[in-house]
Amino acid sequence: MWFNTAAKVVAVNLLPVIFFTSQIIATSSTSPNQQHWYTSPTINNIYTGNRILSSESSGSFPNNVNVVDVALPSDVKWLVATTLFTSYDQSTEKEEEAQFVATTQDGLAYVISANGTIDQIVDYTVSDGSDVDQPPLVSTYIEESSNQQVTKVVQLPNPSNLSSLSCPTHVYESVYIYIDSSGNVILYDLATEQVLSQLKGIDALLDGRIVEAPQNAFDTNNSVDNDTKTKLFAVYGGSISFSHCVLGDCIEGSTLIFIQVTQQQSNNNSSSTYQMSIQRTITLPTNTVYEGLYPMFIQNGKSIVTTVANSSNGAWLRVYNVCTGEIVSESNYLGWGWRHMLFYNNFAPLNDVDPLYSLVDVLTPHVRKQVEFFDISSSPTMELQTSTSKYTTHDIGWRNLDTGISGDLNGDGINEAVLFDENLENLVSFQLVNNGSDSVSTEEVWRMPLVGRLTSNIAAVSYDGGIGLAAASGNKVRLWISPSSTSSPQDDTEEGEDISSTSTTSATVSVLSSSTTTPPELTTASAATSTETSSTEKPYASNDVELDISTSNINTDQMAEPKNCGVQANNVATQSRISISALVLIVLVICY
């Protein structure tokens with residue numbers, strides 16, 4: 001089914017005009033209402049690696065879309081989509097719109113509003129030319145004294161030694177976890193500029209990222225002790241050479257590492273201590289690697305998806321049970337080439353009682369360019385539900401893997417898979433169609449052109465009023481701002497109307513300095529670090545932990561259905577407490 005792709009187009013050219021706006025753009029440390037944004041969309045600010053938009057918001061692509069083009073002084077390296085609170089009052093609802101942060105080849109950063117206004121973030125600096133490849137982590141918060149939103153790129157000061165090819169992941173308040181230039185994993189407090197803990201010997205990918213589980217499957221006490229909080233993260237370690245060399249270098253990870261971060265608050269909540277522990281490592285056989293920069297948590301953290309590869313079988317998808325470390329399901333072997341793992345989402349109508357979850361990838365995005373939808377509940381081999389070609393998401397040598405998203409962009413209540421045509425020149429959206437008899441097929445529902453050939457990631461955000469997207473071609477950035485299908489149109493253009501004229505709006509560049517008011521900072525104490533090979537934590541005297549991941553192998557040939565051990569353990573613990581309480585009550589009654 002094809003749709004008319006008429007849309008309002010606003011062409012914006014960069015003008016050398018400097019002025020100040022009401023928005024504060026700074027690099028100050030932390031705030032209680034702070035939100036974090038990555039180069040791919042997140043739900044509830046949790047960076048799982050799964051590139052999906054919230055089901056609570058929808059757009060009205062392709063017909064009711066404002067298309068805004070802006071030009072920056074140099075080529076765009078990365079884009080991050082955030083929301084902008086246009087008003088804020090504790091007693092009233094907040095109004096939102098989309099905004100975007102772009103980092104460029106010349107080491108600068110800009111905020112691009114939905115109407116094309118450009119603000120330079122002057123406090124954003126790179127120490128050398130290599131840092132321009134670093135994916136930005138953006139934070140936003142409302143400065144309570146001025147009632148204004150602050151937008152910043154989170155930068156860790158030296159000597160944090162953050163890898164120039166990776167970005168930190170937010171943990172708690174002002175605490176971040178990241179990969180340093182030696183492949184160690186560091187827990188860092190930005191407020192105190194203190195390294196809280198280190199895991200050495202992990203040999204993490206220098207261009208990898210650390211992803212977070214929505215829930216910690218290993219935690220059996222989180223619902224019991226309110227003063228103790230835990231989060232679970234995953235990263236690829238055990239870096240080794242691999243001859244395929246399509247993701248920016250010839251180095252890939254051979255070990256999947258699960259790391260738990262525990263926050264223990266003091267009795268008066270004035271400070272916190274932190275602890276890092278290794279929950280599990282899964283090391284692949286010799287000459288086999290995880291061919292990707294990071295895994296993807298799905299099913300609320302119960303499962304994790306990886307791309308496994310070797311020279312004999314090529315690349316294949318593999319899903320692990322987070323709790324047990326066992327393999328849940330795998331795709332067929334490719335034989336050669338790479339698979340680009342994109343996202344996992346429900347592609348049935350959102351009000352349908354029977355969901356249709358699919359794991360989506362692109363089979364050899366450089367050659368076959370085939371989009372695949374897999375049913376991972378089929379074990380031990382995933383069922384290929386359907387596929388279509390030719391579409392792609394990647395160029396050889398790119399470290400940029402955030403080139404596909406999923407969500408209800410056209411507002412019909414059915415999630416779409418959004419990626420690019422085979423020439424990386426058009427956004428293309430697919431939906432799954434139920435053909436009956438447990439058969440589905442793909443249907444292209446809309447496509448919209450970029451301003452040129454894609455050279456960046458695709459940034460996406462959902463908010464109360466709709467969905468915003470952005471993608472760059474060299475120094476030119478195209479924004480797609482689509483109101484919710486239930487919202488009032490942004491202009492009086494009728495759906496499907498062909499717009500032959502183009503309105504032009506001049507852009508302005510604001511060079512903004514730091515906020516004069518420093519947000520509240522978190523006070524933290526020193527942290528202990530442990531490595532865990534059983535349910536008993538063993539704290540080390542030093543925060544610098546040497547880890548030999550080669551000794552932590554598990555059998556990766558076992559198959560099992562996923563089960564949430566943390567929830568089950570919590571239930572058992574709860575039942576035990578109830579049983580003990582009942583026994584005490586019975587004794588008291590008898591004695592009485």
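## Basis and a buried proline

Buried means under 20% relative accessible area, exposed means over 50%, and partly exposed lies in between (1.4 Å probe, protein chains only). Because its relative accessibility is 2%, Pro62 counts as buried. Helices (H or I, at least four residues) and strands (E, at least two) are DSSP runs, numbered from the N terminus. Pro62 is placed in the loop between strand E3 (35–37) and strand E4 (66–71). Its C-alpha atom is separated by 6.7 Å from that of Asn410, although the two residues are 348 residues apart along the chain.

The model is predicted: local features need pLDDT of at least 70, side-chain atom pairs count only at pLDDT 80 or more, and totals for chains, interfaces and linings use all residues. Residues are numbered from 1 along each chain as its sequence is written, and side-chain values use heavy atoms, with hydrogens and water left out.

Two strands pair if DSSP finds at least two bridges between them. E23 and E24 pair in the antiparallel sense over eight bridges, and they form a hairpin with three residues between them. In this pairing, Val305 stands opposite Val319 in E24. Val319 also stands opposite Ser329 in E25. Strand E25 (residues 327–330) pairs with E24 over three bridges, again in the antiparallel sense. The hairpin of E24 and E25 has five residues between the strands, and in it Gly325 takes a positive phi near 80 degrees.

Why is strand E24 (residues 314–321) described as largely enclosed by the rest of the structure? Eight of its eight residues are buried, so the description applies to E24.

Thr306 lies in strand E23 (residues 303–310). Thr306 is buried because its relative accessible area is 0%. Contact means heavy atoms within 4.5 Å. Leaving aside neighbours within four places in sequence, Thr306 has contacts that include Tyr236, Leu256, Tyr290, Trp316 and Met341.

## A four-stranded open sheet

An open sheet of four strands has the order E26-E27-E28-E29, with antiparallel pairing. Strand E26 (339–346) and strand E29 (383–389) are its edge strands, each pairing on one side only. From one strand to the next, the twist averages 20 degrees; axes are lines fitted to C-alpha atoms, for helices over the stretch in contact, and angles run from 0 to 180 degrees between N-to-C directions.

Within the sheet, strand E27 (residues 357–363) and strand E28 (residues 370–375) run antiparallel and are joined by five bridges. Val360 stands opposite Phe373 in E28.

## Cysteines

A disulfide is a pair of cysteine sulfur atoms within 2.5 Å. A search of the whole structure finds one disulfide. Cys245 and Cys250 form a disulfide, with their sulfur atoms 2.0 Å apart. The link of Cys245 and Cys250 is right-handed, with 115 degrees about the S-S bond.

Cys245 is partly exposed because its relative accessible area is 26%, and Cys250 counts as partly exposed at 34% relative accessibility. Cys167 counts as buried, at 2% relative accessibility.

## Aromatic rings

Rings of Phe, Tyr and Trp (its six-membered ring) pair if their centres lie within 6.5 Å; planes under 30 degrees apart count as stacked, over 60 as edge-to-face and the rest as tilted. The count by this rule is 13 aromatic pairs. Tyr38, Tyr47 and Tyr294 are linked into a cluster by ring pairs.
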